[in-house]
Amino acid sequence: QEGRQEGRQEGRQEGRQEERQERILDLQQTALDLIQANFLQLEDIAKPRISALSDLQRLRQLIRALISARNEEDVYQAFSACNPDEPIH
């Protein structure tokens, strides 16, 4: 009984982890789609930065910023705001 319950709990945790990973991948793809649609010239710069972001909240913040980005500087500022430790230029 106890072992079975632990197994179910581990299974649920793994399921949640997989679901979270899928959401991260979806948001990363959305961010990349926005770059490709509006700032294709920045794709090589953006791709590794997007891939490095694995925090759902920061990814959502980045997507919101990319939606309203009007120029390259806005994109750089969006990445900077989501990952303040990393220099962009």
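Helices here are DSSP runs of H or I, at least four residues, numbered from the N terminus. Keep that in mind, because this is a predicted model and I'll refer to its helices by number.

Start with a pair in helix 1. R23 and E19 both sit there, four residues apart, about one turn of the helix. Their side chains form a salt bridge, 3.5 Å from N to O. How accessible are the two? R23 is partly exposed, at 37% relative accessible area. E19 is partly exposed too, at 48%.

How many salt bridges are there in total? Two. The other pair is K47 and E43, at 3.7 Å, N to O. K47 and E43 are four residues apart in helix 2, so about one helical turn separates them. K47 is partly exposed, at 40% relative accessibility. E43 is at 17%, and the cut-off for buried is under 20%, so E43 counts as buried.

What does E43 touch? Leaving aside neighbours within four places in sequence, E43 contacts L32, I35 and Q36.

Now the core. In soluble globular proteins, nonpolar side chains tend to be buried together. Here the largest nonpolar core has 22 residues. Those with the most contacts inside it are A31, I35, I50, L62, L66, V75 and F79. Which elements give two or more residues? Helix 1 (2-38), helix 2 (43-52), helix 3 (56-68) and helix 4 (72-82). Helix 1 gives the most, with six residues.

Last, I50. Not counting residues up to four places away in sequence, I50 touches Q28, A31, L32, I35, L59, L62 and F79.

Note on methods
Residues are numbered from 1 along each chain as its sequence is written. This is a predicted model: local features need pLDDT of at least 70, side-chain atom pairs count only at pLDDT 80 or more; totals for chains, interfaces and linings use all residues. Side-chain values use heavy atoms; hydrogens and water are left out. A nonpolar core is a set of buried Ala, Val, Leu, Ile, Met, Phe, Trp, Tyr and Cys residues joined through side-chain atoms within 4.5 Å. Buried means under 20% relative accessible area, exposed over 50%, partly exposed in between (1.4 Å probe, protein chains only). Contact means heavy atoms within 4.5 Å. A salt bridge is a side-chain nitrogen of Lys or Arg within 4 Å of a carboxyl oxygen of Asp or Glu.
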